[in-house]
Amino acid sequence: MKVLVAGATGGTGRWIVQALVDRQIPVKALVRNLDLAKNLFPPEVELVLGDVLKPETLKNVIADCTVLICATGAKPSLDFTGPLQVDYFGTKNLVDIAKSSGIEHFVLVTSLCVSQFFHPLNLFWLILFWKQQAENYLKESGLTYTIVRPGGLKNEDNTYPIVMSSADTLFEGSIPRQKVAHICVESLFQAASRNKIVEIVCKADAPAVSDEQLFAQV
Ligand SMILES: NC(=O)c1ccc[n+]([C@@H]2O[C@H](COP(=O)([O-])OP(=O)(O)OC[C@H]3O[C@@H](n4cnc5c(N)ncnc54)[C@H](OP(=O)(O)O)[C@@H]3O)[C@@H](O)[C@H]2O)c1
C-alpha cells in the first residue's frame, strides 16, 4: 500500500500524513508549498508538488500509489468560486486521475450536513452543496470509496469516544482533526468501510467502541 494525501499541509491533512507514518505506511504528500511541507513532515514522507486544479500536475505523482486520501478544502475568501473550484472541480480531477491510475481506495473528507441546502455554511459560496456534488461524483465513479463527514473540526485532541453514524443522521457536534485522520487511515484496514459514507463526531458520554465496531454498525 502507498498512499497519496491531497491537502497534506492542511489542518487535517498533516495529521493524516502523521497517522500513516506512525503505521509505517509509505506516504506521498501532495503539496503546494514545498518549504512548508519540509518543515512539517519527517524525511520518510515523499513530497510532491501539485495542484488539484491542474490535472497535468497530478498524473505522474499518483502513478505509484494505490490509495488516495483527500482532505482538501477551499479556505474562506471573497472568491465566490473557491468551493466550486477546490471542493468540486479539484476533487473531480482527483477522482478522474484515481480512476485512470487504478487507485484501489479513495477516501474523501467532506462534512456533516452536506445534504442540507439551506444550512448557514452554504452562505460560504455553497461550500456544502459543492462538497456533496463531489461526493456524488466519487460515488458514481466506480472507485472503491469511503466518504468521511466530520463535524466541526478542533485542533485540540480529547479523550472522548468517536460516534460514527450513517449518511444524513448527525447534524451537530465536533471532533478533533487527529481523530478524523485516525478514521481516514483506519478505513483502509476495515472491510466494512468500503463504499460507505460515515458521519463522525466525538461525545463525552458516548460508549467507547472499537474501530471495527464503528464501521460495522454503519
Ligand atoms: N473547519 C471545519 O470545522 C470543518 C468541518 C467539517 C469539514 N471540514 C472540511 O474538512 C476538510 C479538512 O479541513 P481542514 O480545516 O483540515 O482544511 P484546511 O486546513 O483548510 O486545509 C485545506 C487543504 O486543502 C489544500 N488545497 C486547497 N486548494 C488546493 C489546490 N488547488 N490544490 C491542492 N491543495 C489545495 C490546502 O493547501 P495549502 O496548505 O497549500 O493551502 C490545504 O492543505 C475540508 O474539506 C473542510 O472543508 C471542515
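**Close-up views of a predicted model**

**View 1. Strand β5 is covered on both faces.** His105, Val107 and Val109 on one side of β5, and Phe106 and Leu108 on the other, are all buried. Because 5 of the 5 residues of β5 are buried, the strand is largely enclosed by the rest of the structure. The structure shown in this and the following views is a predicted model. Among the elements of the chain, β5 (residues 105-109) has the highest mean pLDDT, 99. Helix α3 (residues 59-62) has the lowest, 91. Over the chain, the mean pLDDT is 97, and 100% of the residues reach 70 or more.

**View 2. Strand β4 pairs with β5.** Strand β4 (residues 67-70) runs parallel to β5, and 4 bridges link the two. Within this pair, Val67 stands opposite His105 of β5. The chain passes from β4 through α4 to β5 in a right-handed β-α-β crossover.

**View 3. Strand β6 pairs with β5.** Strand β6 (residues 145-150) is also parallel to β5 and is joined to it by 4 bridges. Val109 has Val148 in β6 as its bridge partner.

View 4. The phi angle of Cys113 is near 70 degrees, a positive value in a residue other than glycine. Cys113 belongs to the loop between β5 and α5 (127-139). Cys113 counts as buried because it has 21 C-beta neighbours inside 10 Å, and the cut-off for a buried residue is 20 or more.

**View 5. Asp168 also has a positive phi.** Its phi angle is near 60 degrees, and Asp168 is likewise a residue other than glycine. Asp168 is placed in the loop between β8 (162-165) and β9 (174-176). With 14 C-beta neighbours inside 10 Å, Asp168 counts as partly exposed.

**View 6. Helix α6 is mostly covered.** Of the 10 residues of α6 (residues 177-186), 7 are buried. These are Arg177, Lys179, Val180, Ala181, Ile183, Cys184 and Val185.

**View 7. Leu188 lies in the loop between α6 and β10 (196-202).** Leu188 touches Met1, Val67 and His105, leaving aside residues up to four places away in sequence. Two of these contacts, Val67 and His105, are the residues that stand opposite each other in the pairing of View 2. Leu188 is partly exposed, because 19 other C-beta atoms lie within 10 Å and a residue needs 20 or more to count as buried. Val31 is 157 residues from Leu188 along the chain, and the C-alpha atoms of the two are separated by 22 Å.

How values were computed. Residues are numbered from 1 along each chain as its sequence is written. This is a predicted model: local features need pLDDT of at least 70, side-chain atom pairs count only at pLDDT 80 or more; totals for chains, interfaces and linings use all residues. A residue is buried if 20 or more other C-beta atoms lie within 10 Å of its own, exposed if 12 or fewer, and partly exposed in between; C-beta atoms are placed from the backbone. Two residues are in contact if their C-beta atoms, placed from the backbone, lie within 7 Å. pLDDT is the predictor's confidence in each residue, from 0 to 100. Two strands pair if DSSP finds at least two bridges between them. A crossover is right-handed if, with the strands pointing away from the viewer, the path from the first strand over the helix to the second runs clockwise.
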